[in-house]
Amino acid sequence: GRKFFPHLAPDKYPAQSLATHIYLEAGVRGVELGNSCFGKIDAKTRKDVWPKLDLTRFAVPRRVYQDSHLNYVAEKIIELYKNRDNIKGLIRNTPLLPLTHFIAEFEPVEKLS
C-alpha cells in the first residue's frame with residue numbers, strides 16, 4: 001500500500017485504498033493487512049501507532065482464470081498505478097480498535113473535499 005501510494009499518509013489507509021480501488025476498477029477482491037487491521041492507539045499518548053507493513057493481499061485460485069482474465073487485472077492495476085496521484089485515500093468512520101477491521105467503514109477523502 002505505501003509503495004503504491006507513497007503520497008498517502010498512514011491515516012489515509014494506503015493498502016485499504018488499493019484494495020478498494022482495484023475492486024471498483026476491476027472487480028477483483030483483496031484484503032488489507034496493515035493500518036486498518038493492525039493499527040492501534042497508544043494508551044498513554046492516545047496517538048495512532050501504525051504497523052511496519054501496510055499490505056494488500058490478492059488471492060488467485062489455481063485453474064480458475066485464463067490468461068485473458070489475469071491480463072485484464074494487470075491492465076487495470078497498471079492503469080490505477082499511472083493515475084495513483086489522483087487517489088486521496090480513505091477516512092475511517094469507525095474506531096481503531098482490535099479486530100474492528102472486520103466491520104470498519106471507510107469513506108473516500110474525495111467525497112469530503
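Helices (H or I, at least four residues) and strands (E, at least two) are DSSP runs, numbered from the N terminus. The model described here is predicted, so local features need pLDDT of at least 70 and side-chain atom pairs count only at pLDDT 80 or more, while totals for chains, interfaces and linings use all residues. Residues are numbered from 1 along each chain as its sequence is written, and side-chain values use heavy atoms, with hydrogens and water left out.

The secondary structure of the protein consists of four helices and six strands. Along the sequence, these elements follow the pattern α-β-α-β-β-β-α-β-β-α. A box of roughly 50 × 30 × 20 Å, taken along the principal axes, is filled by the C-alpha atoms. Of the 113 residues in the protein, 28% are buried; a residue counts as buried under 20% relative accessible area, as exposed over 50%, and as partly exposed in between (1.4 Å probe, protein chains only).

The axes of α1 and helix α3 (residues 67-82) come within 10 Å and cross at roughly 125°. Such axes are lines fitted to C-alpha atoms, for helices over the stretch in contact, and the angles run from 0 to 180 degrees between N-to-C directions. Helices α1 and α3 are therefore oblique to each other, because angles under 35 degrees count as roughly parallel, over 145 as roughly antiparallel, 65 to 115 as roughly perpendicular and the rest as oblique. The crossing of α1 and α3 is right-handed; a crossing is given this name if the near helix is turned clockwise from the far one by less than a right angle, and is left-handed if anticlockwise.

Positive phi values were computed for two residues other than glycine, Tyr13 and Arg46. Tyr13, with phi near 55°, is found in the segment before α1 (14-26). Its relative accessible area is 5%, so Tyr13 is buried. Arg46, with phi near 65°, is placed in the loop between β2 (40-41) and β3 (48-49). Because its relative accessibility is 58%, Arg46 counts as exposed.

A salt bridge is a side-chain nitrogen of Lys or Arg within 4 Å of a carboxyl oxygen of Asp or Glu. By this rule the count comes to one salt bridge. The pair is Lys12 and Asp11, whose closest N and O atoms are 3.6 Å apart. Lys12 is partly exposed at 22% relative accessible area, and Asp11 is partly exposed at 35%.

Val31, Leu33, Phe38, Leu53 and Leu55 make a nonpolar surface patch of about 450 Å². Patches are made of residues with over 30% relative accessible area and no salt bridge, like charges being joined within 9 Å and nonpolar side chains (Val, Leu, Ile, Met, Phe, Trp, Tyr) within 5 Å. The accessible areas come from the Shrake-Rupley method with a 1.4 Å probe, and for residues only the protein chains shown count as cover. Leu33 lies in strand β1 (residues 31-33) and is partly exposed, with a relative accessible area of 33%.

Leu97 is located in the loop between β5 (90-92) and β6 (106-108), and is partly exposed at 43% relative accessibility. Pro51 belongs to the loop between β3 and β4 (55-57) and is buried, with a relative accessible area of 18%.
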